[in-house]
Amino acid sequence: MDSIDPTARELVDALAASNQTISFCESLTAGLAAATVATVPGASAVLRGGLVVYATDLKHSLAQVAQQVLDEHGPVSPVTAREMARGTRRVCGSDWAVAVTGVAGPDNQDGHPVGEVWVGLAGPRWVASSPAAELVDSAAGRYALIQGSAEPVRVLAGGRDQIRHAAVEAALRGAITGVREQNRASNR
């Protein structure tokens, strides 16, 4: 049985093909994304490392997220996810950085529903964020109301463990998309 995650293998291959590196900044996944990539033979050529910033204050002190961002947007937001990725890329000295922040449950957190997860991606030319539920198979999501939003949004479905694993899948898929898009743009 092959215990190597196929999405992690795909990411390692995409990074190796472009001679680029990656680092991770993880809150609710607590290092699971970096550990998943590390199972791939050859990952040492592309994986720089990562930060586990489970506590909000570590998002500031380790990932260099401005305190003003945390005060205005909180630890679970697209802005915070982008800034976590940007800071981690700088701290770890990688070409790419992926950040994951959100609520795995079992309870809502500060008005954010269980399953609200944001993936931030920082690359050589841009920084972006996406809801994790938009990066994975639709069966892994559900609709929920988010405080301040007039309409329901997609969040990850399932229990705590399922949400954490879906968040890792979303982070890896988001990174693959970013690396490939930039490589296509560079080859034009």
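Start by selecting residues 78–92, which make up helix 5. Helices (H or I, at least four residues) and strands (E, at least two) are DSSP runs, numbered from the N terminus.

Before moving on, a word on what you have open: this is a predicted model, where local features need pLDDT of at least 70, side-chain atom pairs count only at pLDDT 80 or more, and totals for chains, interfaces and linings use all residues. Residues are numbered from 1 along each chain as its sequence is written, and side-chain values use heavy atoms, with hydrogens and water left out.

Still on helix 5, colour the buried residues: Thr80, Ala81, Glu83, Met84, Ala85, Gly87, Thr88 and Cys92. Buried means under 20% relative accessible area, exposed over 50%, and partly exposed in between (1.4 Å probe, protein chains only). An α-helix has 3.6 residues a turn, so residues three or four places apart point the same way. Step off the end of helix 5 and you land on Gly93, with a positive phi near 65 degrees.

Next, show Trp96 and Trp126. Their ring centres are 5.5 Å apart and the planes sit at 70 degrees, so this is an edge-to-face pair. The rule: rings of Phe, Tyr and Trp (its six-membered ring) pair if their centres lie within 6.5 Å; planes under 30 degrees apart count as stacked, over 60 as edge-to-face and the rest as tilted. The pair links distant parts of the chain, with Trp96 in strand 3 (residues 96–102) and Trp126 in the loop between strand 4 (117–122) and strand 5 (127–131). Trp96 is buried at 0% relative accessible area, while Trp126 is partly exposed at 29%.

For another ring, pick Tyr143: the charged end of Arg154 sits over it, 4.8 Å from the ring centre. That call needs NZ of Lys or CZ of Arg within 6 Å of the ring centre and within 35 degrees of the ring normal.

Most residues other than glycine have a negative phi, and most peptide bonds are trans. Go to Pro106, in the loop between strand 3 and strand 4: the bond from Gly105 to Pro106 is cis, with omega near 15 degrees.

Then hop to Asn19, where phi is positive, about 55 degrees. Asn19 is exposed, with a relative accessible area of 70%.

Last stop: Ala30, in the loop between strand 1 and helix 2 (32–38), has a positive phi near 45 degrees.

Technical notes. Expected span 1.5 Å × (residues − 1).
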